[in-house]
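I opened the notebook to record what I looked up in this model, entry by entry. The sequence and the coordinates come first, and my notes follow.

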Amino acid sequence: MDAFTRFLNQTQGRDRLFRATQYTCMLLSYLLEPQAGKEKVVMKLKKLESSVSTGRKWFRLGNVVHAVQATEQSMYATDPVPRLCLTLANLNRVLYFICDTILWVRSVGLTSSINKEKWRMWAARHYYYSLLLSLVRDLYEIFLQMEQVAHDRAKREKSPSQDPGCSVADEETEWLQSFLLLLFRSLRRHPPLFLDTVKNLCDILNPLHQLGIYKSNPGVIGLGGLLSSIAGIITVAYPHMKLKTH
C-alpha cells in the first residue's frame with residue numbers, strides 16, 4: 001500500500017495510470033464495436049478515452065522542463081553511442097512537448113489561429129524521431145549484452161562441438177536458434193533493457209500510423225499503448241527497473 005501511495009503521489013505515476021486507462025478504453029471499444037447491442041458501451045468508452053486524453057495533457061505541461069534536464073544529463077554519458085542517441089532523442093522530446101503544449105492551448109480555446117493539423121503532424125514527427133533514436137540506443141545496448149553473454153559462454157565452453165556432416169540448411173537453422181537463444185538470455189539478464197525496448201517498440205506504433213509510414217488499426221495501437229503503459233508503470237513503481245545511462 002505504501003508503494004502504491006508513493007506511486008500515485010508522483011506526476012509520472014498518475015500520468016502512466018491515466019495513459020493505461022486511455023489505451024484500455026481504445027482497445028475495448030475496438031473489440032466491442034463490431035458486436036451488436038454494444039453501441040452504448042462503445043460510446044461511453046470513447047467518451048472516457050477522450051476525457052482521460054484531455055486530462056493527461058495537464059500532467060504533460062511541465063514535461064518540457066524534465067526533457068531539457070534529461071537532455072543535459074544525457075550529454076554526460078561516458079559511452080558516445082548512448083550519449084549521441086539520448087541527447088538527440090531528448091531534444092526531439094523537448095520539441096514534441098512544445099508542440100503538444102501549443103495543441104493544448106488550441107484545444108482549450110485560448111486561441112483559434114493555430115493550425116491544429118500542422119502542429120499535430122510536427123508533434124508526431126518529433127515523437128517518432130525520439131522513439132527511433134531511443135530504439136537505436138536499445139539495439140546498441142542489446143548488442144553489448146549479447147556480446148557479454150557470448151563471451152561468458154565461450155569461457156565455459158573451451159571448444160564448441162561441430163558435426164562435420166551438417167548441411168548448410170542445418171547450419172543456418174542452428175545459427176538462427178543460437179542467435180535467438182543468445183538474445184533471450186541477454187534480455188533475461190537485463191530486465192530494464194527488455195522493458196525499455198518493449199516500451200519504445202509499442203510506443204512507436206502511434207506516430208508510425210499518424211505519419212502514414214505504417215498504418216495500424218485502433219486495436220493494435222490500443223494494445224501497444226496499454227503494454228507500453230504497463231512497462232512505464234513498472235519503471236515508475238520500481239526505479240531500479242528503469243534503464244540507466246552509463
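**Entry on salt bridges**

I looked up D152 and found that it forms a salt bridge with R189, with the closest N and O atoms 3.3 Å apart; I counted a salt bridge where a side-chain nitrogen of Lys or Arg lies within 4 Å of a carboxyl oxygen of Asp or Glu. This pair links distant parts of the chain, since D152 is in helix α6 and R189 is in the loop between α7 and α8 (191-203), 37 residues apart. Helices here are DSSP runs (H or I, at least four residues) and strands are runs of E of at least two, numbered from the N terminus.

This is a predicted model, and I kept in mind that local features need pLDDT of at least 70 and side-chain atom pairs count only at pLDDT 80 or more, whereas totals for chains, interfaces and linings use all residues. Residues are numbered from 1 along each chain as its sequence is written, and side-chain values use heavy atoms, with hydrogens and water left out.

D152 is partly exposed at 21% relative accessible area, and R189 also counts as partly exposed, at 45% relative accessibility. For these words I used buried for under 20% relative accessible area, exposed for over 50%, and partly exposed for what lies in between (1.4 Å probe, protein chains only).

Salt bridges that share partners join D15, R16 and R56 into one network. Within it, R16 forms a salt bridge with D15, the closest N and O atoms being 3.7 Å apart, and both R16 and D15 are buried.

I then turned to K46, which forms a salt bridge with E33 at 3.1 Å between the closest N and O atoms. K46 lies in helix α3 (residues 39-59) and E33 in the loop between α2 (11-32) and α3, so the pair ties together parts that are 13 residues apart in sequence. Both ends are partly exposed, K46 with a relative accessible area of 40% and E33 with 45%. My search of the whole structure gave 7 salt bridges.

**Entry on K57**

Is K57 buried or exposed? K57, which lies in helix α3, is buried, with a relative accessible area of 18%. Leaving aside neighbours within four places in sequence, K57 is in contact with D100 and W104, where contact means heavy atoms within 4.5 Å. I also noted that K57 and D15 are 42 residues apart in sequence but 9.0 Å apart in space, C-alpha to C-alpha.

**Entry on aromatic pairs**

How many aromatic pairs does a search of the whole structure find? I found 5 aromatic pairs. The rings of Y96 and F97 have centres 5.1 Å apart and planes at 50°, so this pair is tilted. My cut-offs were that rings of Phe, Tyr and Trp (its six-membered ring) pair if their centres lie within 6.5 Å, with planes under 30 degrees apart counted as stacked, over 60 as edge-to-face and the rest as tilted. Y96 counts as buried at 14% relative accessibility, and F97 is buried with a relative accessible area of 5%.

Y128 and Y129 form another tilted aromatic pair, 5.8 Å centre to centre and with 50° between the planes. Y128 is buried at 15% relative accessible area, whereas Y129 is partly exposed at 36%. Ring pairs also link Y96, F97 and Y127 into a cluster.

**Entry on nonpolar cores**

Which residues have the most contacts inside the largest nonpolar core? They are Y96, W119, A123 and I204, in a core of 15 residues; I took a nonpolar core to be a set of buried Ala, Val, Leu, Ile, Met, Phe, Trp, Tyr and Cys residues joined through side-chain atoms within 4.5 Å. The elements that give two or more residues to this core are α5 (80-107) and α6 (116-156), and α6 provides the largest share, 6 residues.

Not counting residues up to four places away in sequence, Y96 touches R60, A123, H126 and Y127. Apart from this core lies another, of 7 residues, including I142, M146, L187 and L193.

**Entry on the surface**

W175, L176, F179 and L180 form a nonpolar patch on the surface, with about 430 Å² of accessible area together. Patches are made of residues with over 30% relative accessible area and no salt bridge, like charges being joined within 9 Å and nonpolar side chains (Val, Leu, Ile, Met, Phe, Trp, Tyr) within 5 Å. The accessible areas come from the Shrake-Rupley method with a 1.4 Å probe, and for residues only the protein chains shown count as cover. W175 is found in helix α7 (residues 168-188) and is exposed, with a relative accessible area of 56%.
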